[in-house]
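Reader: Please take me through the ligand site and the parts of the fold around it. Keep it brisk.

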Amino acid sequence: MVRRPTVDPAAQARVAALIAGMPLRRDLLIEHLHALQDQVGGLRPADLAALAQIHRIPTAEVFEVASFYHHFTLLKDDAPTPIATIRVCDSVTCMLAGAEQRLAELTASAPPGVRVEAASCLGRCHQAPVVWDSRAVAALPLPNLTAYREAGGFAEHDPDSVIATLKAASLRGLGGAGFPTARKWAFVRDQPGPRLMTLNADEGEPGTFKDWHVLATAPYQVLDGAVIAARTVGAERIYLYLRDEYPDIRLVLSHAIAELEAAGIGPPIELRRGAGAYICGEESAMIESIEGKRGLPRQRPPLIAEAGLFGRPTLNHNVETLYWVPAILQRGAAWFADQGKPGHPGPRLYSVSGRVAHPGVIQAPAGSTAAELIARAGGMAPGHQLAAFLPGGASGGVLPAAHADRPLDFGVLEDLGAFVGSHALVVLSDQDRVRATARNLLQFFERESCGQCTPCRSGTAMLATMLADGPLDPALVADLDQVMRDASICGLGQAAPNPVRSLLRFFGEEGR
Ligand SMILES: Cc1cc2nc3c(=O)[nH]c(=O)nc-3n(C[C@H](O)[C@H](O)[C@H](O)COP(=O)(O)O)c2cc1C
Ligand code: SF4
């Protein structure tokens with residue numbers, strides 16, 4: 001007979017009190033874990049077992065969820081409670097800015113009880129090297145709903161004309177894939193109801209910080225876009241998945257959503273908190289996470305547009321995509337489309353970081369080149385010469401300076417083995433080594449792989465080790481590249497070999 005572990009009644013009473021007032025639904029497991037950790041400072045076995053008992057699910061299921069996410073701190077029963085956590089970003093832009101040294105300094109000087117840990121991109125690449133301290137969450141200005149409505153926000157729109165206008169504007173999804181927005185809306189609207197919507201604010205691609213910028217400066221415009229989208233496709237609820245690295249934005253959105261609810265502007269919006277996992281930006285992994293599970297990407301078919309969140313047809317969009325929607329409907333499709341370079345309709349928000357004088361989010365015509373964006377960022381940082389650049393964050397490959405006049409848009413860099421993805425331009429100079437950059441990128445993918453596909457799990461680790469240790473065997477790299485592309489479930493594993501391919505193709509094995 002299998003014996004169930006006994007649960008300490010005191011732990012069960014304590015955990016029940018800590019999550020009191022929160023609905024007891026399985027999909028809220030991650031919210032419950034956050035509530036425990038926020039109040040207790042970490043997650044202890046007795047508390048996890050008690051939470052499992054309260055949910056009436058196996059303890060192992062709670063452990064597997066808690067241990068999947070980087071931001072949950074699993075403590076032994078008798079371990080002291082950490083006072084605070086300091087995260088030092090070690091992703092590509094911060095690596096260029098000296099993250100390794102910063103991490104060593106902070107680790108050496110941390111007082112007892114303060115945990116210092118390396119972290120994947122914290123989404124503030126213009127301030128590299130970025131350090132996040134749990135004791136110091138900045139307060140952003142709260143948005144004003146009345147002012148936004150007086151300027152024409154949250155207007156009613158006819159669903160057919162919305163789709164026609166977005167089609168005429170050629171708005172594409174700006175989370176990385178560039179799928180035509182109007183086509184996605186029409187497809188979801190045609191699925192049998194009830195339908196749902198998700199808003200992807202996970203923004204984990206190294207070098208990308210445009211969504212933070214938009215949510216900090218124009219949160220109602222993003223929520224307006226989401227409300228328009230939900231009404232157009234007939235989605236009855238919006239789930240907003242926000243990465244845990246943005247607690248300042250969480251305060252802004254909590255306020256904005258409460259104001260919308262009070263004003264009766266719907267459908268309802270549920271704010272969900274990520275827990276530190278890049279893979280949860282992949283839409284099907286995000287959906288698993290919203291359901292309270294590990295963020296394991298799903299096999300396709302079905303598309304999430306057919307069977308997504310809770311098995312329902314789901315419209316999912318990136319923050320920036322929705323940000324443009326109200327502006328297009330107010331100012332017209334031509335206003336939007338005409339802002340791009342010929343053949344590249346629309347404006348774009350490029351995140352520009354690395355060796356430029358003034359890193360930041362730059363609104364520029366779609367199809368802008370790296371050279372133009374570097375000029376807009378004040379030119380190269382003093383003493384640096386352009387040597388190479390990443391056109392699309394960690395995933396989009398590495399290109400030599402010779403290609404700085406190529407337009408940065410969807411579908412135009414693929415012949416170079418690169419892509420623009422989330423439009424994160426990371427600039428490298430003559431003082432940077434492309435091989436060290438590729439190694440950093442592969443270490444990122446290794447850390448962030450969800451691990452369910454062997455080619456991705458083992459391939460990212462092997463490539464990272466090869467880049468760290470020794471000679472690159474081009475035949476072995478090509479073999480790994482092929483199997484990762486062919487046999488990975490999601491885009492992480494498929495794109496992870498890109499930096500190594502770029503290195504061998506453009507820079508030679510040693511990569512300058
Ligand atoms: C590994 C991986 C990470 C991703 N991360 C994000 C992300 O952080 N934010 C985002 O909007 N899309 C991300 N995406 C793309 C989403 O899967 C999806 O295509 C996007 O949210 C759709 O919205 P859009 O049509 O507005 O672009 C990621 C994809 C992959 C494969
Ligand atoms: S490709 Fe990698 S990240 Fe994507 S599902 Fe497979 S193991 Fe997970």
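Author: Start with S7, which gives three residues to the shell around ligand 1, the largest share. This is a predicted model. The shell counts 18 residues, and those that come nearest are Gly175, Lys184, His317, Asn318 and Thr321.

Now the polar contacts. A backbone N or O atom of Gly175 sits 2.8 Å from an oxygen atom of ligand 1. From Asn316, a polar side-chain atom lies 3.0 Å from a ligand 1 oxygen. Asn200 also takes part: an N or O atom in its side chain is 3.1 Å from an oxygen atom of ligand 1. On its own, ligand 1 has 610 Å² of accessible area, and the protein covers 88% of it. Two elements each give two or more residues to the shell: S7 and helix H20 (491–495).

Next, the sheet. Four strands form an open sheet in the order S6-S5-S4-S7, with parallel pairing. S6 (269–273) and S7 (314–318) are the edge strands, each pairing on one side only. On average, neighbouring strands are turned by 20 degrees against each other, direction ignored. S4 (residues 195–201) and S5 (residues 235–242) are joined by six bridges in the parallel sense. Arg195 stands opposite Ala235 in S5.

Definitions and conventions
Residues numbered from 1 in each chain as written. Chains lettered and ligands numbered in written order. Predicted model: local features only at pLDDT ≥ 70, side-chain atom pairs only at ≥ 80, totals over all residues. Heavy atoms only, no water. Pairing = 2+ DSSP bridges. Axes fitted to C-alpha atoms, helices over the stretch in contact; angles between N-to-C directions. Near = heavy atom within 4 Å. Polar contact = N/O pair within 3.5 Å; in protein donor to acceptor, adjacent residues only side chain to side chain. Areas by Shrake-Rupley, 256 points an atom, 1.4 Å probe, with all protein chains shown as cover.
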